[in-house]
Amino acid sequence: MRFHTRKWVKPEDLNPNGSLFGGQLLAWIDEEAALYTIIQFENSKIVTKFISEINFMSSAVQGDIVELGIDVIKFGKTSLTLKCEARNKMTRETILTVDNIVMVNLGPDGKPAPHGKTQIEFVKDRL
Ligand SMILES: CC(=O)SCCNC(=O)CCNC(=O)[C@H](O)C(C)(C)COP(=O)(O)OP(=O)(O)OC[C@H]1O[C@@H](n2cnc3c(N)ncnc32)[C@H](O)[C@@H]1OP(=O)(O)O
């Protein structure tokens, strides 16, 4: 799994108990999955279709650095299935895992469209 993004837990990211708000972490993960998919599909018109069980395993507090990792489970015809982990950058403790996030490629009409991709591509190899 590659950890692409780091987030610094700020006061506005906390819940009333003073730990990282789960909804904030899910928003970060959804954006991470969307960006990953846009880069893979070379198309910015994509949507999140499905997110499987979410396992919150530990918490984070203000000042922690959280890193977000993404891995590809499979390339479908119009979809890409990802898995995700959020962990504490300094301790490597897992904060959350999501086993399946299904992202769908859309055509100009807003309907699912084949993306034509079968494997992970790296932008540097396209240049
Ligand atoms: C990044 C964001 O924040 S996006 C905002 C939040 N997301 C949204 O608003 C999406 C709203 N949903 C939609 O617009 C529609 O449901 C669509 C366009 C995503 C899909 O429409 P559908 O009629 O379900 O499309 P369709 O049945 O062709 O499925 C498309 C792909 O999704 C997969 N899929 C559909 N439903 C599911 C599901 N419940 N679980 C897993 N995969 C699914 C299909 O297997 C298919 O993949 P494949 O072509 O690789 O085999």
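Reader: Which residues surround the ligand, and which are the closest?

Author: A residue counts as near a molecule if one of its heavy atoms lies within 4 Å of it. Here 14 residues surround the ligand, and the closest are T48, K49, K77, T78 and S79. The model is predicted: local features need pLDDT of at least 70, side-chain atom pairs count only at pLDDT 80 or more, and totals for chains, interfaces and linings use all residues. Residues are numbered from 1 along each chain as its sequence is written, and side-chain values use heavy atoms, with hydrogens and water left out.

Reader: Which element gives the largest share of the shell around the ligand?

Author: Strands are DSSP runs of E, at least two residues, and helices are runs of H or I, at least four, numbered from the N terminus. The largest share, four residues, comes from β2.

Reader: What of the largest pocket?

Author: Rolling a probe the size of a water molecule over the atoms shows where empty space is left. A pocket is an open set of points on a 1 Å grid over the protein atoms alone, where a 1.4 Å probe fits, with protein on both sides within 12 Å along at least five of seven lines; lining residues have an atom within 4 Å of a point. The largest pocket has 14 lining residues, with R2, H4, Y36, Q40 and F122 nearest its centre. Five residues of this lining come from α1, which gives the most.
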